[in-house]
Amino acid sequence: MKKTVCVAVTGGAGQISYGLLFRIAAGEMLGTNQPIILHLLEIPSMMDALTGVRMELEDCAFPLVHDIVCTDSPQVAFRDCEYALLVGARPRGKGMERKDLLQANASIFSAHGKAMNEVAARNIRVLVVGNPANTNALIAQQSAPDIDPGAFTAMMRLDHNRALAQIAQHAQVPLTAIQRVSIWGNHSATQYPSISHALVGGTAASEVVDISWYRNEMIPTVQQRGAAIIQARGASSAASAANAAIDHMRDWVMGTPEGDWTSMGIPSNGSYGVREGVICSYPVHCADGRYTIVPDLDIDEFSRNKIDLSVQELFEERAAVESLL
Ligand code: NAX
């Protein structure tokens, strides 16, 4: 057994957390040899509901869970944490513009970033799930100047997994036959799911997948999948989002499979023409607990336009919260 680590999850009483906490507690994220202390953060009005979640976690008698701390104080939640999953966020209310949503969440993520800066372990890894995830991650990062900026990531894995599932269904192959799919840009309807370098059963995806299906059906399906789920289920994606959060953290810590890569929202560094200053989705390899952008991919004109459009949106979101950066 390894040394116990603290894992903070915000929005602990929300629907994604209900799909997430039990899997973290079972060892699916950090491994079955990694004991954990869960730190669950909620707003004061949700503390009773959070107590209910805690009781259920206790009733699972997970051997890996050494303690569960429930709190409405970010300073308590992030103390000594080596992993933080920032799921809690303000949902879009009636009549709320995107700008209002950005502002409402900006103050939450700025407070959480400041608290992490004060009390979290210096080697913390942060995954932002709460929307708008990329810009919230940027705000948290900018509010935590004493923590490695690269520690702040945004969840694009749900989009990545959605793309895999669409290709598997279209090409009628098992999911395991598909490699090297990439999501570029923002976790929004402008995101660019790319199959330019993807392989299906070891063959270039462009030879297996119908290109007009890809451009006219797959791209919009992946971009709009969140809305389609709300329409069908009457509630937003929860179990699949929780699953993606587990996948994101697990691969970051334990590595991506040989020959494959994943997609993560990470600080832009000029790679692939995305200037510094936003949290952008790139294809990444993970090994030894670190991610690196997949180098030297050819970007054709179609891809360039799609990536630029989504990156432009990221900079517009950044401009809307500039006063907090
Ligand atoms: P819920 O509304 O069910 O849960 C959110 C929880 O966060 C609530 O219990 C709320 O009280 C709590 N919360 C709000 N402000 C908080 C604060 N300051 N500190 C701590 N907790 C706080 O939403 P849920 O369905 O769980 O979704 C959570 C977030 O994930 C939303 O922003 C949602 O848009 C986002 N998503 C992101 C996805 C991604 O791929 N990046 C996909 C799924 C999801 O849409």
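1. How do the residues of the shell around the ligand divide into nonpolar, polar and charged? In this predicted model, the shell divides into 13 nonpolar residues, ten polar residues and one charged residue. The ligand is surrounded by 24 residues, and the closest of these are Q15, I16, E42, V129 and N131.

2. The backbone of Q15 places a polar atom 2.9 Å from an oxygen atom of the ligand, whereas E42 uses its side chain, in which an N or O atom is 2.5 Å from a ligand oxygen. The side chain of N131 likewise has a polar atom, which lies 2.9 Å from an oxygen atom of the ligand. On its own the ligand has 870 Å² of accessible area, and the protein covers 83% of this area.

3. As for the site itself, the ligand sits in the largest pocket. The elements that contribute two or more residues to the shell around the ligand are α1 (15-25) and α4 (98-119). Domain 1 (5-154) and domain 2 (157-322) each supply at least three residues to the shell around the ligand, a point to keep in mind when viewing either domain separately.

4. P132 belongs to the loop that lies between β5 (125-128) and α5 (133-142).

5. The position of A61 is in the loop between α2 (47-59) and β3 (65-71).

Technical notes. Residues numbered from 1 in each chain as written. Predicted model: local features only at pLDDT ≥ 70, side-chain atom pairs only at ≥ 80, totals over all residues. Heavy atoms only, no water. Near = heavy atom within 4 Å. Polar contact = N/O pair within 3.5 Å; in protein donor to acceptor, adjacent residues only side chain to side chain. Areas by Shrake-Rupley, 256 points an atom, 1.4 Å probe, with all protein chains shown as cover. 1 Å grid on protein atoms, 1.4 Å probe; cavity = no way out; pocket = protein on both sides within 12 Å on 5 of 7 lines; lining within 4 Å. Sits in = over half its atoms within 2 Å of the grid points. Helix = DSSP H or I, 4+ residues; strand = E, 2+ residues; numbered from the N terminus. Nonpolar A, V, L, I, M, F, W, Y, C, P; charged D, E, K, R; others polar. Domains from an automatic or database assignment.
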